Amino acid sequence: MRPTRLSRLLCIWSVLLIGACASVTNPVTGERELTVMDERAEIAAGAKAHQEILKEYALVDNAALQLYVDGVGQKLAAQSQRANLKWTFTVLDTPEVNAFALPGGYVYVTRGLLAYLDNEAELAGVVGHEIGHVTARHGAQRATSQARAGWAVLGATVLGAVVEGVTGMRGVTQAASELAQSGAAGLIARYGREQELQADQLGADYLSRLHYDPQRMVDVIQVLKDQERYAADAAKAAGRAPPAAPDWLASHPSNDERLARIRETAARLKATQPGGGWADDGRMRFLRTIDGITFGDGREQGVVRGRQFLHEPLGIAITAPEGWRIQNDTSQVALVNAAGDAALVLRVLPAQLLRQTGNDHQAILRQALGATEGRTERLTLGGNLSATYYNGQRRDADGTVSALEATIVNGPAGRVFLLAHLGADAAARERARAAMRQAELSFRALGAADGALARPWRLGLVPYPAGGFAQLARSAPLTELAEQQLRLLNGVYGGRPLPKPAELVKTVQ
Ligand SMILES: [Zn+2]
């Protein structure tokens, strides 16, 4: 529940990119290329954007884990074509399954992605791929092609250089929704297809230079492909439409294509070392280091448990109507109906607005939401929280009049929340009104009964039991497709060989 990080990054980048063209040698290809970003500009842009990332994302509060990932990253970077850069590797505290890089040597991996990796060599594959984007100057190339295409699209497309998405459905849908909010959907591409394939090749190359088996790079792409399959299977099981294909832009290679290409590369690299001689894959080192990290929603983001959304730091909870789903994004929580055409959206109102309006609900409705004429009703939510419901019209800054139905409620600790009724059209909102008003009434200060539910889940290590993942699933708190989720976590989704008896596997606790 925070403002979108992209808008801020965007503005920094736009400023930085207004520069003259220079000619540089690409460290990977050795070819000269015209650029708006020479190495100094890359480092400056990266350093500045890094500060923005740190404002928007918390770091995983685990010094041993940060040190470990940095150690793996530094070894890889030292083997790369740009060992001269000052490299920074950071683990971000988010359940999104993602990794990305900034020009100048900044690489990020999320705890969400770490949970799905099996060993150190796979981690090195992910990090190596991101290092590849930096060494081959992909961010700078993108900035340059955008500068040439004209300033109108610059803002939109530079986003692509910042937010990468090696992967996963959650990362993809989140990026897509944020981009849609920026009003620039459709203009935005991430790295180009050839750049992604090149980053895969570079990652595999760096792996083999450190004597990790380049086959592990194939495993990494397989992890991403399994995420895609699981998301499709989960949607099917829940009776939802399958999520949009991750290759949502034609220029982005599909995971199938990446898999086929990286298999060739791995085979070629292996042939250069006929006797093998690959180092061990560091499975135990890796697993011991990620043991105990948060899995899924964290305390800071608020957690979804069945029909409940619970946010411990804000001290609030809300219950979704039967059959609705809860979508927890960085800036808001949406309770979405089964038809997907109506949603009750929960947001924290900015403190500045409360100061301006003296925390008067009517003033908030008029000033922040443009309410003009309508019916208001005083309510008490969750037993003791005073609230004001409004159903009427609103006027935009440009004079457009539309419908507004929303409730403003005083939450704990002096915070004020907005619950907005959204619908694809008036009829959809009408149909969902009763359920949304019922959900509003459930908005409450987090109580003792909610406390245990609000506890985040953790990743744990256990010997693979005789009863397999079905047995593990029975003791895991996972609510949706527990057995399949555990298979996905352990890299055996979709019919790959099961662990040996008593082999250490990941579970959720
Ligand atoms: Zn990439």
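Predicted model: local features only at pLDDT ≥ 70, side-chain atom pairs only at ≥ 80, totals over all residues.
**Exercise 1. Find the exposed residues on the face of H2 turned away from its buried side.**

Step 1. Residues are numbered from 1 along each chain as its sequence is written.

Step 2. Locate the helix. Helices (H or I, at least four residues) and strands (E, at least two) are DSSP runs, numbered from the N terminus. H2 covers residues 39-56, 18 residues in total. From first C-alpha to last it reaches 26 Å, close to the 26 Å expected at 1.5 Å a residue; the expected span is 1.5 Å times one less than the number of residues.

Step 3. Classify burial. A residue is buried if 20 or more other C-beta atoms lie within 10 Å of its own, exposed if 12 or fewer, and partly exposed in between, with C-beta atoms placed from the backbone. In H2, Ala41, Glu42, Ala45, Gly46, Ala49 and Ile53 are buried.

Step 4. Look down the axis. The buried residues of H2 fall within an arc of 120°, so they line one face of the helix. The arc is that of the directions from the helix axis to the C-beta atoms.

Step 5. Turn to the opposite face. It carries the exposed residues Arg40, Gln51, Leu54 and Lys55.

**Exercise 2. Describe the hairpin of E1 and E2.**

Step 1. Apply the pairing test: two strands pair if DSSP finds at least two bridges between them. Strands E1 (residues 22-25) and E2 (residues 32-35) run antiparallel and share four bridges.

Step 2. Pick a bridge. Thr25 has Arg32 in E2 as its partner.

Step 3. Inspect the turn. Six residues lie between the strands, and Gly30 takes a positive phi near 75°.

**Exercise 3. Characterise the largest nonpolar core.**

Step 1. Define the set: buried Ala, Val, Leu, Ile, Met, Phe, Trp, Tyr and Cys residues joined through C-beta atoms within 7 Å.

Step 2. Size it. The largest core has 67 residues; Val109, Leu113, Leu123, Ala124, Val126 and Val127 have the most contacts inside it.

Step 3. Trace its sources. Helix H10 (residues 215-237) gives the most, eight residues. Domain 1 (8-290) and domain 3 (458-508) each supply at least three residues; these bounds come from an automatic or database domain assignment.

Step 4. Separate the other core. It lies apart, with 34 residues, including Ala343, Leu365, Ile408 and Met436.
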